[in-house]
Protein chains: 2
Amino acid sequence: MNQTQDTHPLDLATRLTPTAPNRFEGATHPAYGNMVGPFGGIIAATMLNAPLTHAERLGDPLALTVNYAGPIADGGFEIAAMPSRTNRSTQHWTMTLSQNDTVAITGSAVFAKRRETWTATEAGFPEVPAPETIQRTAPGDRNAWTHRYDMRFVLGGMPAPGTAAQALEPREDSLSWVWIRDLPVRPLDFLSLASICDAFFPRVYVRRQQFVPASTVSMTVYFHVDADQLAAHGDQAVLGTARASHFGKGYHDQAVEIWSRDGVMLATSHQVVYYKD
Amino acid sequence: MNQTQDTHPLDLATRLTPTAPNRFEGATHPAYGNMVGPFGGIIAATMLNAPLTHAERLGDPLALTVNYAGPIADGGFEIAAMPSRTNRSTQHWTMTLSQNDTVAITGSAVFAKRRETWTATEAGFPEVPAPETIQRTAPGDRNAWTHRYDMRFVLGGMPAPGTAAQALEPREDSLSWVWIRDLPVRPLDFLSLASICDAFFPRVYVRRQQFVPASTVSMTVYFHVDADQLAAHGDQAVLGTARASHFGKGYHDQAVEIWSRDGVMLATSHQVVYYKD
């Protein structure tokens, strides 16, 4: 059974209160805590929620960019969200998240009124077993947010905790296919979809099969469906694919596709990730 | 022979003059004109040039996002570029381009000091014939900027002007492989690399083999090399690959890879494109 959207941890974690024109207050939520500060995906969703709940909002989210400029301490924060330009069918937003007047996150969003056009999906939906046939990966001990997702890896998971280091072999590629679903189960919307786009291990972990210091520096999401299409998806698991193109000089990219169970492309997302050897 | 970088049209088109702290003036240049207003790639390069030439700049460009919020009229413009946050090895910028106090373009950039780490390229450099063996595609009559590039299509070009509509068949995919080089020849740098990331036909043209109204709404570039690596590249042609994942409800994505001739991945770029039937 679904929790109502008002009391689901994702809704509590992304909740914003308007305080002045173009200004909102929010607070980190322990259910989406990471090792230090909040999970980046919930921050992306919270940044998106400012224009999404703004009184002047036009249309549905089309593009979102979030730059992780500095750490966020557990506690309250302020988001400024300005409609930089409103056109007939598109609207451009600039957002900034601050704590004690220090900028921690910057971002931008494009909203659009979608309409029917010629349509085609060129990327291929991978042949994968159903999520019910795969065991759920155990969440992490030190990452509260991993308890908020049911993740079932088709390929490209990480070794179980306690595996001896000498048993690990680097992989030839960093590709992962994983079924992901909110916990507790929750109907998919733009907030949960944005958050899921960051719910992948940094590709350097998967490729090298070891944990190194790594963190997302900037993430962009393109939404390929409108609100009605998302509502039709319901609360089923989505299939996420993730891979890197290049690792070098301290940074690597990560390309993500998010698919519905019946093969509808919901979002594509890209990020650049800092890593250390 | 190279033109000096001071007099090359790309340098003239992206030139900015500081007018006040965090403020610059620039102007469109007819050499990079599009059918209406300037070519989006030169605008992306100009947006990047504000932090790049800013007195407080730290490191090299790592990520750039440019949102095309409204049209730019031929003539002067102002760019505001703020260092939102400066860390030990990264710096986050927010940029806005305005004409007569109306926002036309918003954007953000991440700069970083790069350092040696474990490195790997996972994407494959395509097997392609050398650019010398391919004929240059004729530039467009109504797009001045296409005269600023030598483009040689390995695959995924557009039909020659004058081809009868009934002779055209939609393609099964939107993939293009194309050698691209600045004209006049110019050593590659972050400005020309950013501009090249937008120098691809909208994928909807290639897939459907017809021209429809289409324009870039938002573009993100990840730079995979630092200034020294770019300098080593010189003025050779780069190989660009472009494809779409999904077309629907008025928008499609476009994923781009830019490779050096000897197989070094220089940049990956993504954009979301508006199109009409």
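**Close-up views of the interface and side-chain contacts in a predicted two-chain model**

**Figure 1. Contact between chain A and chain B.** The contact draws 66 residues from chain A and 66 residues from chain B, where contact means heavy atoms within 4.5 Å. The model is predicted: local features need pLDDT of at least 70, side-chain atom pairs count only at pLDDT 80 or more, and totals for chains, interfaces and linings use all residues. Residues are numbered from 1 along each chain as its sequence is written, chains are lettered from A and ligands numbered from 1 in the order in which they are written, and side-chain values use heavy atoms, with hydrogens and water left out. The size of an interface is often expressed as the accessible area lost when the parts come together. About 5,600 Å² is buried between chain A and chain B, and carbon and sulfur atoms give 52% of this area; buried area is the accessible area (1.4 Å probe) that two parts lose on being put together, summed over both. In chain A, the residues losing the most area to chain B are W118(A), E122(A) and K249(A), which together give 17% of what that side buries.

Figure 2. Six salt bridges are found between chain A and chain B, a salt bridge being a side-chain nitrogen of Lys or Arg within 4 Å of a carboxyl oxygen of Asp or Glu. K249(B) is joined to D226(A) by a salt bridge with an N to O distance of 2.6 Å. D226(B) likewise forms a salt bridge with K249(A), the closest N and O atoms being 2.6 Å apart.

**Figure 3. A salt bridge within chain A.** Over all chains, the structure contains 24 salt bridges. One of them links D60(A) and R57(A), whose closest N and O atoms are 3.9 Å apart. D60(A) is buried, at 15% relative accessibility, while R57(A) is partly exposed, at 36%. Buried denotes under 20% relative accessible area, exposed over 50%, and partly exposed in between (1.4 Å probe, protein chains only).

**Figure 4. Aromatic pairs of Y205 and F211.** Over all chains there are 24 aromatic pairs. Rings of Phe, Tyr and Trp (its six-membered ring) pair if their centres lie within 6.5 Å; planes under 30 degrees apart count as stacked, over 60 as edge-to-face and the rest as tilted. The Y205(A) and F211(A) rings have centres 4.9 Å apart and planes at 75 degrees, so this pair is edge-to-face. Y205(A) is buried at 10% relative accessibility, whereas F211(A) is exposed at 55%. Y205(B) and F211(B) also form an edge-to-face pair, with 4.9 Å between centres and 75 degrees between planes. Here Y205(B) is buried at 11% and F211(B) is exposed at 54%. In chain A, one aromatic cluster consists of F153(A), F201(A), Y205(A) and F211(A).
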